[in-house]
Amino acid sequence: MVAATAVAALGLAACGGGSSSGGGTSAGAKPVKDAGIGKVYNPSTQKGGTLRFGITEDWDSVDPGDTYYGLSWNLLRNYARTLTVFKSTPEGAVVVPDLATSLGKPSDDAKTWTYTLRDGLKYQDGTPITSTDIKYAVARQLDKDTFPNGPTYFNDWLANVPQGYSVYKDKNLADLTSIDTPDAKTIVFHLKAPFAGFDYLAQLPATAPVPQAKDTGANYKTQVISSGPYKFQSYEAGKRYVLVRNDQYDPKTDPDSGRLALPDEMTIDLGVDAADLDQRLQAGTIDVDLAGTGVQAQTQAKLLADPSALANTDDAPAARTWFTVLPDYVPPMDNIDCRKAVVYAYSPSGYQRAYGGATGGDIATSLLPPMIPGHVAYDPYNLLKNTDGQVDMAKQELAKCGKPNGFTTNMAYRSDRPKEQAMAESVQQSLAKVGITVNLKGYPSGDYFKLYAGKPDFVKKNNLGILAYGWGADWPDGYGFLDQIVDSRTIRPAGNTNLGISIPAVDQLIDKALVTTNTDARNALWGDVDKAVMDNASVLPGIWSKGLDYRPPYLTNVFVNPAFGQYDYTTIGTTKK
Amino acid sequence: MTVPVDVEPGAYDAEPEAVVTGEERIEGRSLGQIAWRRLRRDKVAMAGGVTVIVLIVMALIAPLLVSWFGHPPNEFHYNLVSADTQMPLAKWGGISKDYLFGVEPVNGRDLFSRIVYGARISLLIAFLATLLSVAIGVVMGIVAGYFGGWVDAVISRLMDIFLAFPLIVFAIALVGAIPDHMFGLTGNGLRIAVLIFIIGFFNWPYIGRIIRGQTLSIREREFVDAAISLGATHRSILFRELLPNLVAPILVYSTLLIPSNILFEAALSFLGVGVQAPTASWGGMLDQATNWFQVDPEFLFPPGLAIFITVLAFNLFGDGLRDAIDPRSR
C-alpha cells in the first residue's frame, strides 16, 4: 500500500496537480493522469479474476509466425515465449533473455549469433521445448505464401535461404543451412551480412517454438501450442478468444521477462464498436482496449473536459511519428532550398492540432521519437520556438531556390483518415502564406503505397511534391524505426516505405551502424542518421504520436511498456472478481 | 332529316359559365396555363418551389453572401477552437452573430460559409448529372418505344444491364483510378466532371423506361398515323410529333431525379470519393461530423439539415408539378 500511494504522489508531481485532493491517506491507488507512464499504477501481487480485452476489429493472426501488429506482439507474450523478449517494465525498451539463458553471443563480425536454451522449458502438453522447435518456427514463417502477414526480417537477413523455401516441402529442414542446432539446447543463426542488433530479431514472435508434429500451416492459429503462462481455451474466429492458465509453465524458468500472470483467465472480444468500446471501458465492462492506440477523438474531447475522468487516463507516447516527406525526385523538391522553404513555412502547431492537439502528440523536430535510444534533441529549423511557421525564413529560402514568388505543387494524403486530411489542409493554409500553392490529392489508404504515394512513377507524373506519411517502429531501436524509411537502397518501383529520401551520407551511416556491436556507439550513429535527414530538409517532422488510453481504476500493475507504446499485457491484474 | 333546333334568342350570348360574375374576361387556356393554375393552388408545392429558388440563388451569390455574413470557407480560426479538446470554445458549436452556424471542430472553419459554398457543389453536380441522365434517357426511351422490335429489345436489355450495375462500388473504384489530368481538366474540375459523368451516365435507364412506356402509347395515336401517311421522316416524327407530347413526364421526372442525385453526391462525398478537400461539400461535412456527434452535435445539424431541406423541397415541388400536369396520377 505504501508503494501505491507513493506512486500516486509521484503521478501528482509529474502532471502538475491534476487533482486537488492529493494522495497519501486513501486506501489503494488513487487514479492520477499518466500514473501508468514511467511507473506502475497500483502495484499488486494479487492473483485471480478475469481480464477482459476488447478490440474494434480482428488482427492479422494469433499465430506467432504470421503477425505484424504491435498489439499482437504485446499480447502473445502471454502464450508464446521467444528467444529474447522486451522486458515488462515501464522504464524503457529493454531486451532481455526469455527462452535463452542470455542475450545472443555474436561471432564472425556479428554475422553468427548463438543462443543457449534454459532448462525445464515445456509446452502446454508437457513435452520439452528444444532448439529444433525454434529452428522449425523460424523456418516455417519464411514461407510468405502460407504466412503473408509477418515481417520479412529473417528472409532478409538469414544466409542462403533457398528461393521459395517452405518447410511444407522440405520436411527435414535440411535445406535451411543458416540455422544450426548442434544440440537440443543450442541454436546458431548465420546471417548474410553483419547485423549488430540481432537480439531485436531474436525477440520477434517468429522465434516462439512450434512443435513440427502439431503444425498445421495456415490453420495453426486455431490451435496454437502454448509455451507461455497462458494457453488458448477457445478460439472463435473473428468473435472471441479465451486464454486460461497453462499449468505446464514454470515461472522459475522465466526470471528475466517480468511477466506476472496475475489473472486466472483472459478474454478477448473482437469486433466491438469503437464508440461502444470507449463507453464500456468507462463503465467497467471491458478492462483493456487491446488496440492500445488511445480512445476515439470524441471520447478524448469528453475526457479532457472532465478532470475526474481524466485521472483515469494515460497519455502514452508511442514509437510513432506522423510526418510528411518532400520527395527529392519531384521538382521543385529536388532543390534543397525549396524543401527548406516548405519546412520553414509549415505550421507545427497546426500539424499538432490536426492530430488531436497536445494530447495527440508532441511537436516533432526530427524523425526519431524521443523514446527510442539514440534520439538526440535536434531542431535545426527552430520549429519549437516558431510553432506557427516562419514566413520570413521561408521567403529567404524561396529566393535562394530561384522561386521568390513561390510555386505550385500537389500533396498526397489518405482521404479516409480525417486527421491526416485536417493536417493536409493545415499545411495547405500555412504554405499559402509564402506563396506556395498546394493542391490536395486524397487517395485511399489501402493502396496508398502500392499505387500512389509509394510508387515513384505515379508521384512524379502527378507532381506530388508533398507526401503525408506516418511510421511506427517495429521495435524501438534506430534500425527498427529508421531503416525502412530513409535507406535509399530500399526504394522499389512500387510499395515503398521510403517515399523519396536518398542521401548518400545516410546510407553510409546505416552501413556503419549495422556492423557496430557496441550498443551506445550504434545508437549514436542512428542519431546521426536522424540529424542528416533533417539537415537535408527531406521531411516535415510533424508530431511524435501519443494516445490517450483509458485505465479503469480497479486494475492493478498497469503501465505503458515503452517497447510497445501500449499497456503491458503480461502484468495487468484485476481486483474485479 | 334534321330537326331544326329551336334556339331561343339570346342563347348565343350566354356566358359559358353562368355563375361567373363580374367583368373578368374569359379566355381559352393552354394546358400549360391550366397546370400553372393548379400548381399555384398547391401551397405545399409552391413552398417547395420557393425553397428551391432560394437555394439556387444562394448558390449563385455564394461569394456575396459569405462576404456579408461569413468568413472565407477555407480560412482557419484556431482562436475559436480549444487546442486541447479540439472543440469550439463557445457554446452551441460556436454559433454567434459572426458565425451563424458555428465553427468546425479542430480548425474552426466557418460552417455557414461552407454550407453556402457546399450548395454550389451539390446543386451543380445534381443539375448537370440530371441533365445528362435525361438527355440520354429521353433519346434512348423514345427510340426504343417508337421503333420497337429488335431496337427496343436491345435498348431495354441495355437498361437492365445499367440498372444492375453496382454503381457505388464502381464510382469508388473509378474516382480512385482517374489520373490527375484528363480531357484538359485537372484537380477539382476533373473530380466534379467525373462525378457528373458517373451519376448522370448510370441513371438514365430510370427516365428511359418511363419515356419508352409513354412513347409506346403515344405512337398508336391518330396524329402519328397521320404524320406517317403524310410521309414524315422518322426524325420529324420522333422530335416534332412525339417529343412535345413527352415534355410533361420529362419535366416531372427531372424534378424528382435532382434530389436523388443530390443524395447520391452526398453519399459519394460521405464515402470520401467526392470533391477534394478542402472544398466544402455537404456529404463531406456530414462525414466529418459523424466523428464528433457525441460531443459536438451542432456540427452535424447544418449539413444534415441542408441536405434534408433541399431534397424535401425538390421532392415536394416535383410531386406538385406531377399532380398539376397530370391530375389523374393523384
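This is a predicted model: local features need pLDDT of at least 70, side-chain atom pairs count only at pLDDT 80 or more; totals for chains, interfaces and linings use all residues.
Local features require pLDDT of at least 70 and side-chain atom pairs count only at pLDDT 80 or more, while totals for chains, interfaces and linings use all residues. Residues are numbered from 1 along each chain as its sequence is written, and chains are lettered from A in the order in which they are written.

Biologist: What radius of gyration does chain A have, against the globule rule for 577 residues?

Modeller: The radius is taken over C-alpha atoms, and the rule is 2.2 Å times the number of residues to the power 0.38. Along the principal axes, the C-alpha atoms of chain A fill a box of roughly 75 × 65 × 40 Å. A compact globule with 577 residues would have a radius near 25 Å, and chain A agrees with this at 24 Å.

Biologist: What is the radius of gyration of chain B?

Modeller: Chain B comes to 13 helices and 2 strands. The globule rule gives 20 Å for its 330 residues, and the chain is well over that, so it is more spread out than a compact globule; its radius of gyration is 26 Å.

Biologist: What percentage of the residues of chain A is buried?

Modeller: A residue is buried if 20 or more other C-beta atoms, placed from the backbone, lie within 10 Å of its own C-beta atom. In chain A, with 577 residues, the share is 54%.

Biologist: Which residues touch the most other members of the largest nonpolar core?

Modeller: Such a core is a set of buried Ala, Val, Leu, Ile, Met, Phe, Trp, Tyr and Cys residues joined through C-beta atoms within 7 Å. The largest one has 225 residues, and its largest share, 17 residues, comes from helix H4 (residues 111–147) of chain B. The residues that touch the most other members are A:Val342 and A:Met411.

Biologist: How are H9(A) and H12(A) oriented to each other?

Modeller: Axes are lines fitted to C-alpha atoms over the stretch in contact, with angles from 0 to 180 degrees between N-to-C directions. Helices H9 (residues 336–345) and H12 (residues 391–400) of chain A have axes that come within 8 Å and cross at roughly 170 degrees. Their contact includes A:Tyr344 of H9(A) and A:Leu398 of H12(A). Angles over 145 degrees count as roughly antiparallel, and the two helices are therefore roughly antiparallel.

Biologist: Which residues of H3(B) meet H4(B)?

Modeller: The axes of helix H3 (residues 62–69) of chain B and H4(B) come within 10 Å and cross at roughly 175 degrees. A contact requires C-beta atoms, placed from the backbone, within 7 Å. On the side of H4(B), the partners include B:Phe112 and B:Arg120. The residues in H3(B) are B:Ala62, B:Leu65, B:Val66 and B:Phe69.

Biologist: How many residues does the contact between the chains take from chain A?

Modeller: Chain B contributes 21 residues, which divide into 9 nonpolar, 10 polar and 2 charged. Here Ala, Val, Leu, Ile, Met, Phe, Trp, Tyr, Cys and Pro count as nonpolar, Asp, Glu, Lys and Arg as charged, and the others as polar. From chain A the number is 30.

Key: Two residues are in contact if their C-beta atoms, placed from the backbone, lie within 7 Å. Helices (H or I, at least four residues) and strands (E, at least two) are DSSP runs, numbered from the N terminus. Angles under 35 degrees count as roughly parallel, over 145 as roughly antiparallel, 65 to 115 as roughly perpendicular and the rest as oblique. A residue is buried if 20 or more other C-beta atoms lie within 10 Å of its own, exposed if 12 or fewer, and partly exposed in between; C-beta atoms are placed from the backbone.
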